[in-house]
Amino acid sequence: MWQALTEELADTGLTIVAVALESRGLDAALPYIEAANPTYPCLVDRQHVVAELFGMVNVPTAVWINEEGRIVRPPEPAGTNDAFRKMDPATGRLAAEDRQALRDERQRYLDGVRDWARRGDESPWALDEAVVRSRLARPRGEHELARVHFRLGEHLWELGHGDRAQAHFAQAVRLHPESWAYRRQALDLEQQGKSMGREYWEAVTALGDRHYYPPIIAPES
Amino acid sequence: MVTLLINGHTSVTPAGAPGPGPWVPVSQMAALTGWDLKPEGACLGERCVPIPPGRSDEFEREGWFNMAALAAHLGQPLAEDAETETWCIGEAPADRATALNSAIAPDFRLPDYRGTEYTLSQFRGRKVFLVSWASW
């Protein structure tokens, strides 16, 4: 998807930068990167540094940054929404109307990226600085503490202390329960594939009326 | 043997500390932690934090410096794994809030899948669509 958009918008001065939040590192990310055959930068972030710097709590999440280095759209789901929650976890099947809802959301979002790529700050998709500032997540003490537990867990996992790592991942999830990145990375490091297993779907169901992918702030059409 | 994760450093501290926790020899403090002890206090780059008067014993003893005391003093988050004697010290929320107040994207440095290092700031002058993904 991002390679096609890179080619389409090549003459607009837009660079797509993809960051894999991947504590397993290149081993886990490379098959996907090779399949995408990208000409845009594909970075590998074992410690979820970018997620923590920008306040990304899930994937795919995007931040738009203008030519001066100013954020013009804060972190938001990059072309997806909660329609995926209707999926049957066992079969991965989704009803036609929900598949359509996901396609529509992706189309709307990518059209927004196209508009901004061509018109820059003139695009209604580019938000004012005050709006961006008000929507950037303020660092909170418990989230900062979650970061150091996640970092410690990732370090211990790399050294082969899987059980100690999970103890600190559990602290990170407890301190920052909104972070699906922490939660799912921890499940994945416990056992590959577990990040989409029973525990994951139970946690999604437990959200109830709350969003998994919050709706984006789109211009009025 | 204590391991300390701080400011991007992963440091194993030498034996002989005057107490439990992440003590580092003052002579190796800059190399191990990024912080340096100067006459004006503990310094990270341009920023210096005076050691609180009358409490120097908590911070510095017998040529060693206690990074946990500094973290507590600055309100930096700290996590400890007692079993493996590993400590991790982060940034104070107030410091990060200041960085976010401007809406200027914070810079970072990461390798790509071929090992080439990138920074966000190298794309200044272009629009950047920064997007996360994962295999999990």
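**Disulfide and helix packing in a predicted model**

Colleague: What is the relative accessible area of Cys48(B)?

Modeller: Cys48(B) counts as partly exposed. That class lies between buried, under 20% relative accessible area, and exposed, over 50% (1.4 Å probe, protein chains only). Its value is 30%.

Colleague: Is this model predicted, and which pLDDT do side-chain atom pairs need, or what?

Modeller: Residues are numbered from 1 along each chain as its sequence is written, while chains are lettered from A and ligands numbered from 1 in the order written. Side-chain values use heavy atoms, without hydrogens and water, and the model is predicted: totals for chains, interfaces and linings use all residues, local features need pLDDT of at least 70, and side-chain atom pairs count only at pLDDT 80 or more.

Colleague: Which residue does a disulfide join to Cys48(B)?

Modeller: A disulfide here is a pair of cysteine sulfur atoms within 2.5 Å. One such pair is counted over all chains. The S to S distance is 2.0 Å, and the partner is Cys43(B).

Colleague: Is the disulfide of Cys43(B) and Cys48(B) right-handed or left-handed?

Modeller: Look at the torsion about the S-S bond. It is about 110°, so the disulfide is right-handed.

Colleague: What is the relative accessible area of Cys43(B)?

Modeller: Cys43(B) is buried, whereas Cys48(B) is partly exposed. Cys42(A) is also buried, at 4%, and so is Cys88(B), at 3%. For Cys43(B) the value is 2%.

Colleague: At what angle do α6(A) and α7(A) pack?

Modeller: Helices are DSSP runs (H or I, at least four residues), numbered from the N terminus. Helix α7 of chain A spans residues 162–175, and its axis is 8 Å from that of α6(A). The pair is roughly antiparallel (over 145 degrees). The angle, taken from 0 to 180 degrees between N-to-C directions of axes fitted to C-alpha atoms over the stretch in contact, is about 160°.

Colleague: At roughly what angle do the axes of α6(A) and α8(A) cross?

Modeller: Helix α6 covers residues 141–158 and helix α8 residues 180–190, and their axes come within 12 Å. α6(A) is roughly parallel to α8(A) (under 35 degrees). They cross at roughly 15°.

Colleague: Is the crossing of α7(A) and α8(A) left-handed or right-handed?

Modeller: The two axes are 9 Å apart, at an angle of about 165°. Their contact includes Phe169(A) and Ala172(A) of α7(A), with Tyr182(A) and Leu189(A) of α8(A). By class it has six nonpolar, one polar and two charged residues. A near helix turned anticlockwise from the far one by less than a right angle is left-handed, clockwise right-handed; this crossing is left-handed.

Definitions and conventions: Helices (H or I, at least four residues) and strands (E, at least two) are DSSP runs, numbered from the N terminus. Angles under 35 degrees count as roughly parallel, over 145 as roughly antiparallel, 65 to 115 as roughly perpendicular and the rest as oblique. Contact means heavy atoms within 4.5 Å. Ala, Val, Leu, Ile, Met, Phe, Trp, Tyr, Cys and Pro count as nonpolar, Asp, Glu, Lys and Arg as charged, and the others, Gly among them, as polar.
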